[in-house]
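Please examine the model shown below before reading on.

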Amino acid sequence: MGTPRRAFDDVVLEGDGFSLRRPVLSDVDRIVAACTDEQTQRWLPLPRPYGPAEATGFVQTFAAEALRTGTGLVSALDVNGQLAGMVDLNSADWRNQTVAIGYWISPDARGQGLAGRAAALLARWALTEQDLERVEIRTATGNGASESAARAAGFAREGVLRSAGFTHQGRVDLVVHGLTRADLTGPQASAD
């Protein structure tokens, strides 16, 4: 067995009508608009208030540090040269070959299936090209749009973790959705 991987490749991934690229400073205004949106704030425990300083820190520090340390990979979901959301690999555990995916979609880009398609592209890349065995998506119970995106991405609903997350309203249960490398090659994969 070769040397185990410890970080993600820094690449641009091309999807059907979108690309996943590193976030840049020109995305800051769209990040602020999305992260101050009522629905985004409802489900994600983002800072309040969320302004240009927070978005700049997210791009310049958080995203760069996740890639540098190997803990994750933050990708801007780009449609026709405009930020339409974020999808990231996070909580990478290289020893156990697992990672989680998170996402949010800009209000004006919702309802187009982008979260599911972007999560599917990123998960399959992680499983087939980044030496990972398992990818999880955890969604707050009641967040139907996020659960639909996880299903659309091909993830199987596996169960509920009680009081495992939090939002601005308090503790929430999290639905766990999983996708494994074996899922991509087994009998279920041929039915997709």
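The model is a predicted one, in which local features need pLDDT of at least 70 and side-chain atom pairs count only at pLDDT 80 or more, while totals for chains, interfaces and linings use all residues. Residues are numbered from 1 along each chain as its sequence is written, and side-chain values use heavy atoms, with hydrogens and water left out.

The C-alpha trace of the protein chain spans about 45 × 35 × 30 Å along its principal axes. For 192 residues, a compact globule would have a radius of gyration near 16 Å, and the chain agrees with this at 16 Å; the radius is taken over C-alpha atoms, and the globule rule is 2.2 Å times the number of residues to the power 0.38. Of the 192 residues, 46% count as buried, where buried means under 20% relative accessible area, exposed over 50%, and partly exposed in between (1.4 Å probe, protein chains only). The chain exposes about 9900 Å², of which carbon and sulfur atoms supply 51%; accessible areas come from the Shrake-Rupley method with a 1.4 Å probe, and for residues only the protein chains shown count as cover. Among contacts with a separation of 6 or more, 60% come from residues 24 or more positions apart, a contact being heavy atoms within 4.5 Å.

The protein chain contains seven helices and eight strands. These are DSSP runs numbered from the N terminus, with helices (H or I) of at least four residues and strands (E) of at least two. The eight strands form an open sheet of mixed pairing, in the order 1-2-3-4-5-6-8-7. Its edges are strand 1 (13–14) and strand 7 (156–167), each of which pairs on one side only. Two strands pair if DSSP finds at least two bridges between them.

Strand 3 (residues 73–79) pairs with strand 4 (residues 82–93) in the antiparallel sense over seven bridges, and V79 has Q82 in strand 4 as its bridge partner. The hairpin of strand 3 and strand 4 has two residues between the strands, and N80 takes a positive phi near 55° there. Strand 4 is also joined to strand 5 (residues 98–105) by seven bridges, again running antiparallel; Y103 in strand 5 is the bridge partner of V87. Four residues lie between strand 4 and strand 5 in their hairpin, and Q97 in that turn has a positive phi of about 60°. Elsewhere, strand 6 (residues 134–140) and strand 8 (residues 170–180) pair antiparallel over seven bridges, with T180 in strand 8 as the bridge partner of R134.

Helix 4 (residues 114–129) can be compared with a simple expectation. At 1.5 Å a residue, its 16 residues should span 22 Å, and its end C-alpha atoms are 22 Å apart, in agreement; the expected span is 1.5 Å times one less than the number of residues. Buried residues of helix 4 include L114, A118, L122 and W125. W125 also belongs to a cluster with F8 and W94, linked by ring pairs. Rings of Phe, Tyr and Trp (its six-membered ring) pair if their centres lie within 6.5 Å; planes under 30 degrees apart count as stacked, over 60 as edge-to-face and the rest as tilted.

By this rule the count is three aromatic pairs. F58 and F62 form a stacked one, 5.6 Å centre to centre with 15° between the planes. Both residues lie in helix 3 (residues 52–69), four residues apart, about one turn of the helix. An α-helix has 3.6 residues a turn, so residues three or four places apart point the same way. F58 is buried at a relative accessible area of 18%, whereas F62 is partly exposed at 47%.

Most residues other than glycine have a negative phi, and most peptide bonds are trans. S91, in strand 4, has a positive phi of about 55° although it is not a glycine, and this residue is exposed at 56% relative accessible area. D131, in the loop between helix 4 and strand 6, likewise has a positive phi, of about 65°, and is partly exposed at 40% relative accessibility. The peptide bond from R48 to P49 is cis, with omega near -5°, and P49 is placed in the loop between helix 2 (38–43) and helix 3.
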